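Welcome, and take a moment to look over the sequence and the model before reading on. The report below walks through the chains, how they meet and a few local details.

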Amino acid sequence: MYKETLNLKEHPESFNLKAKKDAGRFDVKSYLKKGPGHFPETPKIGDKFGPSYSTHMFRVELAIPRKWIDADPNCEIHFIWNGNCEASLYNPVTGKHLSAITENVREVYHIKDGKSKNDLEEPGIFISKDDKEVRVCYLLEMAC
Amino acid sequence: MFGNFKGDIWGGQIDMNREFELKKCEIGLFNPKIEEYFYSLEMIKDAAKLLDKK
């Protein structure tokens, strides 16, 4: 149901995905306002996380193509995540909980919905913009 | 936590060594028209089932 998608495997330039394995559970506050250097791993599609009941923290930086927004300022842009288990998405500065994500139940988060919601202008989530892209960042807690 | 069971969730044992694979990390430009067509087709499909019964 998408006009265009960009994925981590084929379009790594659109992502800066970093991870800290075995992060403490319910310890989101320790990861707020932290740069990519605080997350030592660079995960790829197919990487395994575990074991059961472990928690892993991700810093997800996304580069949204400017052409998508310029073509239609009311466009709807989604972030799609499947880590094979439950996850929570947070504002990386304020720590506000944005969405729960679960495999086969809710794998989509609305970055921008064309009406009232627009993370591209949200303090803490918005990072920068230029002629080619708008960069946003989220904190994602994967609960295995 | 509900995905950690071996086999059936009811009475099943928890697999403490299970690993979880990162399967998807994508951004997408949603197409609302395609979704509209998809649900229109679903409705036609459901309506066709009722017609068969008559």
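Of the 54 residues of chain B, 15% count as buried, where buried means 20 or more other C-beta atoms within 10 Å of a residue's own, exposed means 12 or fewer, and partly exposed lies in between, with C-beta atoms placed from the backbone. This is a predicted model, in which local features need pLDDT of at least 70 and side-chain atom pairs count only at pLDDT 80 or more, while totals for chains, interfaces and linings use all residues. Residues are numbered from 1 along each chain as its sequence is written, and chains are lettered from A and ligands numbered from 1 in the order in which they are written.

**Chain B and confidence**

Chain B holds 1 helix and 2 strands, and its elements follow the order β-β-α from the N terminus on. Helices (H or I, at least four residues) and strands (E, at least two) are DSSP runs, numbered from the N terminus. The mean pLDDT of chain B is 86, and 83% of its residues score at least 70; pLDDT is the predictor's confidence in each residue, from 0 to 100. Where pLDDT is low, the predicted coordinates should not be read in detail. For the complex, the predictor gives an ipTM of 0.93 and a pTM of 0.89.

**Where the chains meet**

How many residues of chain A are in contact with chain B? There are 36 of them, and they touch 24 residues of chain B; two residues are in contact if their C-beta atoms, placed from the backbone, lie within 7 Å. On the chain A side, β1 (2-7), β2 (15-23), β3 (48-49), β4 (55-65) and β5 (77-82) each supply at least two residues. This side of chain A divides into 20 nonpolar, 10 polar and 6 charged residues. Here Ala, Val, Leu, Ile, Met, Phe, Trp, Tyr, Cys and Pro count as nonpolar, Asp, Glu, Lys and Arg as charged, and the others, Gly among them, as polar.

Follow the strands across and you will find an open sheet of 4 strands, in the order β1(A)-β2(B)-β5(A)-β8(A), with antiparallel pairing. Two strands pair if DSSP finds at least two bridges between them. Why is one side of β1 and of β8 (108-112) of chain A left without a neighbour in the sheet? These two strands stand at the edges, each with a single partner strand, so one side of each has no neighbour there. Neighbouring strands of this sheet are turned by 25° against each other on average, direction ignored; the axes are lines fitted to C-alpha atoms, for helices over the stretch in contact, and angles run from 0 to 180 degrees between N-to-C directions.

| Strand pair | Bridges | Residue pair |
|---|---|---|
| β1(A) and β2(B) | 5 bridges | A:T5 and B:G28 |
| β5(A) and β8(A) | 4 bridges | A:H78 and A:H110 |
| β2(A) and β4(A) | 7 bridges | A:F15 and A:L62 |
| β4(A) and β10(A) | 11 bridges | A:R59 and A:L139 |

**The nonpolar core**

β4(A) is mostly covered, with 9 of its 11 residues buried. The largest nonpolar core has 38 residues, and A:I64, A:Y138 and A:L140 have the most contacts inside it. Such a core is a set of buried Ala, Val, Leu, Ile, Met, Phe, Trp, Tyr and Cys residues joined through C-beta atoms within 7 Å. Both chains take part: β2, β4, β5, β6 (86-90) and β10 (133-143) of chain A together with β2 of chain B each supply at least two residues of this core. Its largest share, 7 residues, comes from β10(A). Leaving aside neighbours within four places in sequence, A:Y138 is in contact with A:V60, A:L89, A:Y90, A:P92 and A:I125.

**Details in the loops**

Most residues other than glycine have a negative phi, and most peptide bonds are trans. A cis peptide bond joins A:G50 and A:P51, with omega about -5°, and A:P51 is found in the loop between β3 and β4 of chain A. A:K33, in the loop between β2 and β3 of chain A, has a positive phi near 60°. Is A:K33 buried or exposed? A:K33 is exposed, because 12 other C-beta atoms lie within 10 Å. A:N104 sits in the loop between β7 and β8 of chain A and has a positive phi of about 65°; with 8 C-beta neighbours inside 10 Å, A:N104 counts as exposed.
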